[in-house]
Amino acid sequence: MAKYIIKRILLAILILFGTSIIIYFLVRNMPADYIDNQTAAQVQQGLLTQEDVQRMKDLYGIGDSSFGGLVKGYFEWLGNLIQGDLGISFIYGQPVAQVISKYMWISFGISLVALFFQIIISIPLGIYAATKQYGIADYTVTVLAMMGISLPSFFLGALLMRVFSIELGWLPLMGLRDATQILTGWPAFVDLCKHLVLPMVTLVILSIGGMMRYTRTNMLEVMNSEYIRTARAKGLSEHTVIYKHAFRNTLIPLVTMVAGIIPSLFGGAMITESVFALDGIGYVAYKAVIQADIPFVMGYNMFIAVLTVFGILLSDLLYIVVDPRVKIK
């Protein structure tokens, strides 16, 4: 067991090293950067020269775009990364790690609640659809799943805002708090929950379709197995056959899927947060990309890469828990 874990961790480190190379060179080769965008007007007016702009880039370590300069800059950035220093964000004027830690918890809270509802809704519906194959319930669930998968997040978010915020006035339109009031304590918490209802509903509707179909497909495959027919022949109740024998063997692919959701818990829902103007890490990252904030974009992508590798490692270890037949050699 320990040997397996060490081997997987070393492989994860190798993957992250390769990922860091790709991230650094792609971001450094963006068409423009934050300094170019901010100084373009001043250069045109003659207030700054190209030499002034170049000195500013050299100060931030992004001045040399030659291959040798990129290689040197990468190893300097990697050395700082290993020490936990992701650089200083151009936009926010703070360490990238500090900005991420400040805004990721908003995204985490929204995504965690949405994931909870996604699991308790999609898995039971997937199981029910599999037990009623080709029936009215199965077709209904399949249609609803396809609708959820097909709807773009910006369209669904805008539709919910129009219906429940503009037309009915039941829920706030966007943001995290009511700017017209100063609330504290319990009223502030209630106001926050009202602002988060529509974003969470959007995430749940968009995500339940995939897990629902995944559960249904795997349940159908398992229920056609020999041991399921044997369990029924022994006189076991249908509830026992489905939930104790069939569903347990469906957990392995579900574990893989749930583990892959880990990056989205902390990484934010960029489009949904942008639609509802939520100050989550996804919305912050979107603004950083638009304004070419190189240090933040590189740090954020490495943050997502670490979470992704961690999710894969966690899913490998959970295989042993959900299926005792899986042995580590």
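The largest nonpolar core has 31 residues, and W77, I100, I281, F296 and M298 touch the most other members. By nonpolar core I mean a set of buried Ala, Val, Leu, Ile, Met, Phe, Trp, Tyr and Cys residues joined through side-chain atoms within 4.5 Å. Two or more residues of this core come from each of helix 1 (2-28), helix 2 (34-44), helix 4 (67-82), helix 5 (96-131), helix 14 and helix 15 (294-322). Helix 15 gives the largest share, nine residues. Helices here are DSSP runs (H or I, at least four residues), numbered from the N terminus.

A word on the source. This is a predicted model, in which local features need pLDDT of at least 70 and side-chain atom pairs count only at pLDDT 80 or more, while totals for chains, interfaces and linings use all residues. Residues are numbered from 1 along each chain as its sequence is written, and side-chain values use heavy atoms, with hydrogens and water left out.

Back to W77. Leaving aside neighbours within four places in sequence, which residues is W77 in contact with? They are S20, Y24, L86, M298 and M302, where contact means heavy atoms within 4.5 Å. Apart from this core lies another, of 21 residues, including I110, V141, L176 and V275.

Next, the salt bridges. The term covers a side-chain nitrogen of Lys or Arg within 4 Å of a carboxyl oxygen of Asp or Glu, and the count comes to two. In one, R216 meets D138 at 2.6 Å, N to O. R216 sits in helix 8 and D138 in helix 6 (residues 136-150), so this pair links distant parts of the chain, 78 residues apart. Both R216 and D138 are buried, that is, under 20% relative accessible area, with exposed meaning over 50% and partly exposed in between (1.4 Å probe, protein chains only). The other bridge joins R162 and E167, with the closest N and O atoms 3.4 Å apart. R162 is partly exposed because its relative accessible area is 49%, and E167, at 51%, is exposed.

Last, the surface. F154, F155, L159, V163, L168, W170, M270, I271, Y286 and I290 make a nonpolar patch of about 980 Å². Patch residues have over 30% relative accessible area and no salt bridge, with nonpolar side chains (Val, Leu, Ile, Met, Phe, Trp, Tyr) joined within 5 Å and like charges within 9 Å. Areas come from the Shrake-Rupley method with a 1.4 Å probe; for residues, only the protein chains shown count as cover. Helix 7 (153-167) supplies the largest share, four residues. W170 lies in the loop between helix 7 and helix 8 (185-223), and counts as exposed because its relative accessibility is 59%.
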